[in-house]
Amino acid sequence: MWHSAEFNRIKAQTLNKKKIINDPVYGFITIRSELVFDIINHPYFQRLRRIKQMGLSELVYPGAHHTRFHHAIGAMHLMCITLDNLRAKGVEITDAEYESASIAILLHDIGHGPFSHALEYSLLKNVPHEHLSRMIMSRLNQEMDGKLSLALDIFNGSYHKRFLNELVASQLDIDRLDYLKRDSFFSGVSEGTIGADRIIKMLDVHEGRLVVEEKGIYSIENFLSARRLMYWQVYLHKAGVSAEKMLIKIIERARKLTRKNEEVFASPPLKLFLSRDIGIELFAEEEGVLDSFAQMDDYDIWGAIKMWAHHPDRILSSLCQMLLERKLFRIKLTNDAPTKEEIKHIEKQIMETYDLKPNEVKYYFSNGKETNYAYLMSDKEILILSKSGTVRDVVEAADLPNIKAMSKIVRKYYRCWPKDISL
């Protein structure tokens, strides 16, 4: 028999895990299970509090200080609402599937490094954040005695109920529903506002696939339009792109100096990733690499940048000072790629102005392309269910020229250089 004092202690511990979080976008969010509470409390997940959702977009939109932690909790909340609605429509979802789908969306971004997408391919060598999310989820699954196995299957798309994976990763997934609504809210860009509640109510499952009821097609048009506008107006804003390219150049210079054995301040995790090319193989082969990554966040980078601003290397120090003082590179966007002559002219002006060697010009000049599309028919399409039971791709189902236009990939070519160089 349990002693009453012991029973009350255990009951108090259990009740303590049923928390309520006050979210500025949705209001009160309830943590519904002890396992979810334990995951949120884990250091791997708490790190997301220190990673900005929108990288350096706060330099453009001062309110955009929200984090990956905010987004993950919000996505979990929308997943629960979605699963409740599907159950109400007669879709069979067990309690285990419900909890696991919630965990899969909660952890879908746990593999993001500092500044989210900005440094995804700079600090690491061709390691996408989705791969790291999978590795960290597997590590958590080991620590939690296999309780995340079903969540991993859903995340990987290997579970037999395909619609659960489509809620986690597709062109109409819960991730996008939350980040569009949340990023619009914190940036103040009203064009990104979507009717997430309406879309969720229109979702259903047909022959194992996630579908949208036909009457919800206008909400989908608004969703795709909002996503397209948010990319050009927020995620690919010229000043934001410029700041990201400067940050990448800073990391490249710090890495160059570190590998020449020059003294470069860095936290131990950051030092590891500056001193070596870390690819997928090393994450799997070397014991401490994943743990080092899981300790790194925006603060490692900002702390280093503040120190590097006083580094004797003038390239590293000048770039850091520019970013700290928001003296961003000038950026030019065009529909056509720059010619070799244009690039050579810009590089010559930079070299003469800053008294640089030819191999040093690259730290003050970036060029490349950015792409934007709202919808791709070939990538986990959005399916519309008609009243007659016919299922069609949204582009085929919609008599809307806007949706057809949104499936077109738009490319913009950029070049960035210091503003004190006039061309």
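**An open sheet and a nonpolar core**

Four strands form an open sheet in the order β3-β4-β7-β8, with mixed pairing; strands are DSSP runs of E with at least two residues, numbered from the N terminus, and two of them pair if DSSP finds at least two bridges between them. Because β3 (203-206) and β8 (391-393) stand at the edges with a single partner strand each, one side of each has no neighbour in the sheet. The model is predicted, so local features need pLDDT of at least 70 and side-chain atom pairs pLDDT 80 or more, while totals for chains, interfaces and linings use all residues. Residues are numbered from 1 along each chain as its sequence is written, and side-chain values use heavy atoms, without hydrogens and water.

The partner of β3 is β4 (residues 209-213): 4 bridges join these antiparallel strands.

Nonpolar side chains tend to be buried together in soluble globular proteins. Here the largest nonpolar core has 143 residues. Such a core is a set of buried Ala, Val, Leu, Ile, Met, Phe, Trp, Tyr and Cys residues joined through side-chain atoms within 4.5 Å, where buried means under 20% relative accessible area with a 1.4 Å probe, counting protein chains only. F45, F273, F283, W308, I350 and Y364 touch the most other members. Leaving out residues up to four places away in sequence, F45 touches I39, I40, F69, A72, I73, L106, L107 and I110, a contact being heavy atoms within 4.5 Å.

Over the whole protein, 55% of the 423 residues are buried.

Note on methods: Buried < 20%, exposed > 50% of the residue type's maximum accessible area, 1.4 Å probe, protein only.
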